[in-house]
Amino acid sequence: MSTTTSVEQATRYEAVIGLEVHVELATRTKMFCGCAIGFGGEPNSRTCPVCLGMPGSLPVVNGAAVESAIRLGLALGCEIAPTSQFHRKNYFYPDMPKDYQISQYDVPICLRGELRITVDGRERTIGITRVHMEEDTGKSLHVGGSGRIAGSDHSLVDYNRAGIPLLEVVSEPDLRSAEEARAYLAELRAVVLALGISDAKLEEGSMRCDANVSLRPVGHTVFGTRVEVKNMNSLRSLGRAIDHEIERQTRVLTAGDPVVQETRHWDEDAGVTSPLRSKESVDDYRYFPDPDLLPVEPDADWIDRLRAELPELPAVTRARLAGLGLPAPQVAVLVDTGLVRVLDAALAAGAAPALAANLLTNDLVGWAAANGTDPADAPLTGAALAELVGLVADGTLSTKLARQVLEAVLGGEPGGPRAIAEARGLVQISDTAELEAVVARVVAADPAAAQRVRDGNAKAIGALVGAVMRETRGRANPRLVNELLERHLHP
Amino acid sequence: MHALLTASAPELLALQEAGDASAVDIARAHLDRIAATDDRVHAFLHVTADAALAAAADVDRRRAAGEPLGPLAGVPVAVKDLFATCGVPTTAGSRILEGHRPVYDATVVARLHAADAVVLGKTNMDEFAMGSSGENSAYGPSRNPWDLDRVPGGSSAGSAAAVAALQAPLAVGTDTGGSIRQPASLSGLVGVKPTYGLVSRYGMFAFASSLDQAGPFARDVAGAALALEVIAGHDPLDSTSIPQAAPDLLAGLERGVEGLRVGVVAEFLATDGLAPGVKARVEDAIQRLGKLGAELVDVSLPHAQYALPAYYVIAPSECSSNLSRYDGVRYGLRVPAETAEQMMAVTREAGFGREVKRRIMIGTYALSAGYYDAYYVSAQRVRTLVTRDFADAYRRCDVLVGPTAPETAFRLGAKTADPLSMYLNDVFSIPSSLAGAPALSLPVGADERGLPVGLQIMAPVLGEATMLRAARALEADLALDPVPSGANALEAPRP
């Protein structure tokens with residue numbers, strides 16, 4: 001297929017995309033039992049009769065999960081249902097302890113909200129159909145074969161995840177491109193982080209996203225046949241999968257074939273989607289109200305209190321940070337990583353915004369990437385950041401030395417930035433007399449460079465500054481070095 | 001007959017307090033009785049003799065030390081095999097759970113232990129509580145101590161048979177559509193189905209969650225009331241448990257029925273399948289209540305006739321989902337196969353009996369897309385109508401009375417080929433199950449064959465105290481001998 005044809009086709013069809021996002025809640029205990037929630041540990045170590053589906057066990061709703069659901073609903077402008085219900089979604093699968101999932105069905109807790117996104121400077125409002133509560137399944141490990149259940153030698157099941165509370169956020173089919181889908185997911189994630197209800201890590205599966213993608217001729221209002229795409233575990237992978245699926249469906253339609261309604265699996269390495277044969281082939285879940293659970297009826301006072309106590313939401317945060325003079329890309333990083341919490345704590349402790357933000361978005365984010373950790377997990381308090389910023393502001397540390405101190409703090413060195421800087425002898429030399437002597441030595445050692453500066457070659461001063469920094473092992477105050485050199489060479 | 005075996009639960013408490021019997025004496029007498037008779041009765045699937053004797057010895061030791069004791073101290077209790085017992089096999093009468101040992105105690109079991117009762121073991125039952133005769137047990141039927149060729153009723157067959165056979169003074173069973181009341185009726189016992197939510201369902205293997213309710217069997221009303229007090233009361237582990245403390249059921253038990261408005265359900269007595277011997281005894285009992293000072297009121301439950309079909313949609317629907325977990329993955333039977341899906345299928349094929357499979361299929365069908373509204377939703381509407389009928393009736397009376405079951409104990413095998421005739425055994429017990437309201441069965445005499453007949457006394461939600469008071473008045477007036485008698489009874493001389 002030539003490029004020309006695909007461009008023509010791309011103009012003939014419009015993508016219609018809706019996302020179903022699962023958010024794993026960071027409650028202390030599971031949705032329907034008292035088992036702890038956590039990562040790692042021995043398989044099946046965080047289980048009990050309830051989350052193992054032992055005969056006779058019964059679910060009891062976790063109030064903290066309901067609270068998280070209501071808070072997300074309020075943040076998305078949803079109506080909070082005065083009465084909502086849990087249903088049973090029946091299907092057989094080894095990682096489902098009861099062979100049914102307790103989930104909300106036709107009476108969810110949050111209805112009709114919206115989320116504003118901005119793509120290429122254009123703001124769009126994406127409808128939220130609903131937010132509902134459900135429980136997670138266990139995790140299967142298929143040993144042998146391809147690693148999928150079919151063809152494996154045997155399977156192991158870990159139920160530590162079984163029963164962890166999930167919120168499913170279903171969008172209206174309002175998204176029109178991979179970019180919008182990515183922006184939507186990023187914005188939803190930022191809202192979730194602002195609420196603090198989940199660590200929302202796409203890579204680790206604490207936030208998961210399925211995309212419903214269909215095409216229709218531009219200008220048509222009837223939806224095309226939709227395909228559900230699963231297994232995207234990053235924003236990038238979501239974008240790639242949707243782009244691929246749009247291309248694939250375009251090819252199918254252009255060839256005059258119908259799009260098959262199915263669930264497809266995104267293969268990140270191959271960059272393609274393929275039909276998924278799984279539980280989704282069973283299309284009748286025989287939903288009915290779970291007789292073990294009473295309807296969820298949050299009282300109005302509780303909802304009002306949660307509404308009043310909502311934290312600042314990302315759109316407001318961005319405006320506020322922009323008002324502090326921070327550039328938009330930096331604001332985006334602060335909000336998307338959740339580092340805005342650390343920044344705000346540092347600002348509250350009196351830190352200068354630009355310096356604090358730079359240390360976070362350049363140095364901390366870089367350090368996290370190099371160490372393969374999530375920036376939000378970095379062990380830096382707002383107070384420590386404020387202390388570090390203070391050291392830079394008062395000239396004790398250069399920004400370069402501040403970076404070294406930051407890395408020491410992140411590496412777990414005790415004592416705080418000032419103590420670390422002093423212990424390592426990193427404190428910046430701002431003593432004019434001390435630097436004057438070094439400058440004199442450097443100028444004497446490289447008369448050729450000194451002459452070029454005197455002849456008016458301004459750039460040549462760089463070599464001399466570099467030499468001073470080398471002699472002082474980077475501790476010289478750069479501004480002062482420049483001043484002293486200028487004075488020395490242009491007396 | 002050994003006096004410790006015929007004694008009621010309150011009498012056993014009194015004997016111990018008076019120093020006339022120890023808990024170990026009582027436990028040993030009952031364990032010996034089980035050993036001597038259970039080859040014929042088959043009430044038990046598992047006897048926990050050592051644990052029972054240890055518990056009894058502990059009660060004796062604490063009594064001697066003057067320590068406080070629970071309200072059932074030293075009283076033996078048989079527990080239906082539907083309740084999880086930690087470390088003790090719990091099968092629900094099913095092959096699919098053969099050898100299954102739960103890792104926890106059901107709340108009912110924990111409360112029996114906390115009350116210092118002596119648990120004798122686990123009783124036989126229709127598989128997953130589905131049946132009215134005990135014949136659906138994967139481990140063979142229990143027999144009725146009044147006539148060993150006949151069934152004790154079901155599904156709590158072993159619990160009823162154990163108490164009737166004097167193997168235990170008390171038993172706990174479960175009642176979804178009549179599984180305590182009907183076997184109590186057929187075995188000549190007091191059996192109480194409490195208000196839905198009065199007794200915790202935690203640890204009770206679920207059949208139909210919106211209907212299942214645990215309750216006691218005893219040979220006397222006071223024993224049943226005492227046992228119910230012990231197992232009742234709010235349990236935070238069961239979301240459907242009523243959030244209030246256990247009611248006091250013994251205090252007003254002897255207050256009589258003077259002025260009590262007793263509603264006689266016209267439709268029940270006019271039912272075609274009602275055996276004449278049952279009808280005669282029930283009518284006698286009602287007249288006696290009148291003579292004892294109760295005001296008899298004719299009432300109608302016009303929608304009660306639709307309760308049975310509604311029940312046979314709701315209960316199988318819930319069971320089809322509740323029994324999904326028996327898939328061979330985590331516990332119980334596993335039949336190996338090529339794939340996980342095939343393993344689940346062949347395990348369930350091999351592990352479940354015919355009646356259980358029938359109900360899973362009915363329920364699966366009723367919940368299917370396209371049929372859900374026609375079956376499940378319609379059945380729930382009927383449930384609402386039946387509940388309203390009761391509400392209307394209770395505006396004019398305090399309790400309702402009628403037969404518990406349409407006939408007395410039938411012969412083994414008589415109904416196994418015809419599920420519908422088996423289902424009809426619960427035609428009178430199902431309406432109050434759908435309404436979530438309490439009901440009990442009280443022995444009121446025998447039919448022409450000498451087989452026990454039960455009177456059903458029903459009450460509005462949380463009306464247990466009134467219901468038990470009416471039962472006690474009639475029990476005192478009738479003064480029947482609860483020990484099984486008859487030509488082919490357990491106590492009859494062997495040929």
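Predicted model: local features only at pLDDT ≥ 70, side-chain atom pairs only at ≥ 80, totals over all residues.

Q: Which residues of α2(A) are the buried ones?
A: Helix α2 of chain A covers residues 63-75, and the buried positions are found within that stretch. They are A:Ala65, A:Val66, A:Ser68, A:Ala69, A:Ile70, A:Arg71, A:Leu72, A:Gly73, A:Leu74 and A:Ala75.

Q: What covers the buried residues of α2(A)?
A: The cover includes both strands and helices of chain A. Among the strands are β2 (79-80), β5 (110-119), β6 (122-135) and β9 (165-171), and the helices include α3 (178-195) and α5 (300-308).

Q: How far does helix α2 of chain A reach from its first C-alpha to its last?
A: The helix has 13 residues, and at 1.5 Å a residue a span of 18 Å is expected. The span in the model is close to that expectation, at 18 Å.

Q: What radius of gyration does chain B have?
A: Chain B has 495 residues, for which a compact globule would have a radius of gyration near 23 Å. The value for chain B agrees with this, and it is 21 Å.

Q: What share of the residues of chain B count as buried?
A: The secondary structure of chain B comes to 17 helices and 11 strands, and its C-alpha trace spans about 65 × 50 × 50 Å along the principal axes. Of the 495 residues in this chain, the share that counts as buried is 63%.

Conventions: Residues numbered from 1 in each chain as written. Chains lettered and ligands numbered in written order. Heavy atoms only, no water. Helix = DSSP H or I, 4+ residues; strand = E, 2+ residues; numbered from the N terminus. Rg over C-alpha atoms; globule rule 2.2 N^0.38 Å. Buried < 20%, exposed > 50% of the residue type's maximum accessible area, 1.4 Å probe, protein only. Expected span 1.5 Å × (residues − 1). Contact = heavy atoms within 4.5 Å.
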